[in-house]
Amino acid sequence: MFSLKPAIPANVMHEGVHSGGSALAFNPAGTLLASGGWEGRVYLWSLPGGKRQAVWQAHDGSVNGLAFIEDGGVLISAGYDRRIVLWDLRGDGRASVRTESPVTSLAVAAGRGLLASGHDDGRVIVWRLQDKRRLERVGQKRLHTRRVRGLAWHPGKPALASSGRDGRVMQWTIGGGVVEFPPPSTYSRSLVYTPNGRTLIGSGWFRLFRWDLEARRLHEIPTEHNGIINSIALGSEGRHLASISRQTDSAVYFLDPSTGEVIERFQPHELCGGFVALSGDGRYLATTSDDASVRIWDLERPRGKRTR
């Protein structure tokens, strides 16, 4: 079921980019967008115009995580082929590691020099960016019994949240213990922390999940999404949450992260939604989907005629 209410059209639409879109990341300056897909290619798009700057074959299989480091001069990609690779912006590999299990999610804490990878076997591994070595005390413990879906670094302390297809949601501190939160009604596909670090937000079928970290209490919030909320991204000030859904709809919204109410509607994709990303300065919104397109909204430009 698709909404008939007017939606903001994308400023840039690239069709037929990936066989299906699976990952997005903006550089810190908001001048580049990286996209990855099922076929293993990575594209770089310059902003604001969205012109293709580079493309290369990064993985044998889907790209399941992207992140910029070193002030945007290096791009990290993670794939189902069990590789994590550091690239320069021409697509030349600088370093890589091979893992025991396919990589299914990625999160970087660049200021702490740490990278976390979630895996198909349920394991979460933390790596030091400086020497690409894993922190063994973290990597020894398998937190989930099934595929890891969501990873997020706490904004104020060296703690990491993870969610898996087993329904479990946990937060654990580097060198410390693990705290498990109440499980949601459906497993959480994505995780983000609020800027103050007091709340963890996840997403599943139709709903947002909000965990009060101090009280360890879960509150489930209904939304207008008519399918799985597959990916979420929180604005830097925490006032709106970008979301995209799949299965029975491909809606793209800005939601109120506290109430789930729709703040703004964006042009939906033709097929199931894949991934959503916001630039750090809040200027750009990007999405990708099973329809193989990459779409970019420049939120500072005058809005065109809304579509239905």
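Is R283 buried, partly exposed or exposed? R283 is partly exposed, at 23% relative accessible area (buried is under 20%, exposed over 50%, partly exposed in between; 1.4 Å probe, protein chains only).

The model is predicted: local features need pLDDT of at least 70 and side-chain atom pairs count only at pLDDT 80 or more, whereas totals for chains, interfaces and linings use all residues. Residues are numbered from 1 along each chain as its sequence is written, and side-chain values use heavy atoms, with hydrogens and water left out.

**View A. Salt bridge between D298 and R283.** The closest N and O atoms of the pair are 2.8 Å apart (a salt bridge is a side-chain nitrogen of Lys or Arg within 4 Å of a carboxyl oxygen of Asp or Glu). The pair links distant parts of the chain, 15 residues apart: D298 belongs to strand β28 (residues 294-298), and R283 to the loop between β26 (273-278) and β27 (284-289). Strands (E, at least two residues) are DSSP runs, numbered from the N terminus. D298 counts as buried because its relative accessibility is 4%.

**View B. Salt bridges of R83 with D81 and of R123 with D121.** The N to O distance is 3.4 Å for R83 and D81 and 3.8 Å for R123 and D121. D81 is buried at 11% relative accessibility, as is R123 at 17%; D121, at 21%, is partly exposed.

**View C. R210 in strand β20 (residues 207-212).** R210 is buried yet has no salt bridge; D256, the nearest side chain of opposite charge, is 6.6 Å away. A polar atom of the R210 side chain lies 2.9 Å from the backbone oxygen of P257.

Key
Helices (H or I, at least four residues) and strands (E, at least two) are DSSP runs, numbered from the N terminus. Lys and Arg count as positive and Asp and Glu as negative; His and the chain ends are not counted. A polar contact is a pair of N or O atoms within 3.5 Å; within protein, one must be able to donate a hydrogen and the other to accept it, and residues adjacent in sequence count only if both atoms are side-chain atoms.
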